[in-house]
Amino acid sequence: MLRSIRLPQAAAALVIATLIIVSGCDLLDVSNPNNLIEDELDNPAAAPAMANGAEATVTRALGAILAPYSAGTDELTWIGSRDAWDELDIGRLENPNNEFTDAAFPFVGEARWTTDEYIRRIEGFREEGLLNDENTLARVYLYGAVIYTGIADMFDDFAIDSDRREGAPPVGPDNMSSLYDTALSYVDAALDLEPRPSLEVALTGMRARIQYSKAVWQTVNPVSGAPQDNLINESGAVQDAIAALDMMDANYVFAMEMDGSLPSLVVGDLSMALQVNQRAELGFGETYIEPEPDGTFSAVSLRDPIDDVVDPVLEEAITEFIAQDQFADIPVVSAREMHLILAEAALAGNPTLDYTEEINKLRALDGLTPYDDQIDAFELLKHSRKVNLYLQGRRLADHYRFDDPSPNWSANTPGTFLPITITEIRANPNLGQ
């Protein structure tokens, strides 16, 4: 946990974080909330509640950190009264004192600590022959992979604490890709358990995403300044994306699902959906919508580059985001992203893949005219990622690697992501002030 809140927040991680999120997704099989105190976590019967607690903390963390992250891209823009949002909007992401990045940071640390702690405990139950259902462990491995991947995607550095009382040295900017390795090890361990089909498909898609994301990280953070191609053709990601698509329905999405019955657990007052749909501190970026005079939403305006119609997948995503109010779900893995991984690999020169075939499978989902060299293939790929991955925590790396800056940036340093924030800096003796 983050040292400045280590004791109270760790206690929350062991009591509040074990509340169950009620979900309609067949990935989950729970229906009633539970509380556990720490001593009860030594009981193997607590394993399902720990899995739900891990899901809860990861959901809350992503909801919180996606607000400052997305404000630093063209996906969201500042329309309210708090200047710290403006600082992110203009591209100054590196400030550890930014109040919103700093407010979200502890929830990310809580989710990382909780998933690692619950994995440790449930692995122990399994080793002792006391775990009734190995799918429970597979679920927590999945949530651990999600939060480690999210941290690596969104942060320039992070402190992975050993426990609730001792601060740890930071990972270091040059070593952040090791978090993808941890995420991958969790997915591999989960798949080794031969989980039920609904978990297997999410895990396989997550494997593809992790390997692809690590390759993106290496492009945005080249070793010793070595030039990197901005298009990704990563063999492991390609293999897993193909395998995942064989198991996925055409519109498959694995999401961290919000729940209106547990607002204090899942949302808090930091979440991206709350800031957009209720507080109106943030609004949809003008790259994507036609704003009202006060900056709020009027209509989706970004058009498909071939059909010259309002892009249907973007319009659907924004409409659904608004309809879910403060409880907007957070997509993590989707069939659409698998097609994007394969289309990009094909464009990067993978001889086993066909760009036109993959991009047209994606376009067919929205009833759009098939691509047939009407426009530049690279421009269509960039557009397709922009609309199919909207508000999913992917955009900032695409800004950098595609040399496609946000129109709002006036103070951005290319390649900059979110920092370790002042709460951790002041509390962790390995960081200093």
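Okay, some ground rules. The model is predicted, with local features needing pLDDT of at least 70, side-chain atom pairs counting only at pLDDT 80 or more, and totals for chains, interfaces and linings using all residues. Residues are numbered from 1 along each chain as its sequence is written, and side-chain values use heavy atoms, with hydrogens and water left out.

So what's a ring pair? Rings of Phe, Tyr and Trp (its six-membered ring) pair if their centres lie within 6.5 Å; planes under 30 degrees apart are stacked, over 60 edge-to-face, and the rest tilted. By that rule we get 14 aromatic pairs.

Take Y288 and Y390: they make a tilted pair, 4.7 Å centre to centre with 45° between the planes. Y288 sits in the loop between β3 (282-284) and β4 (289-291), and Y390 in the loop between α14 (377-388) and α15 (395-401), so this pair ties together parts 102 residues apart in sequence. Helices (H or I, at least four residues) and strands (E, at least two) are DSSP runs, numbered from the N terminus.

Are these two buried or exposed? Y288 is buried at 0% relative accessibility, and Y390 is buried too, at 5%. Buried means under 20% relative accessible area, exposed over 50%, partly exposed in between (1.4 Å probe, protein chains only).

Next up, Y400 and F417: their ring centres are 5.4 Å apart and their planes at 80°, so that's edge-to-face. Y400 is in helix α15 and F417 in the loop between α15 and α16 (422-427), 17 residues apart. Y400 is buried at 14%, and F417 at 6%.
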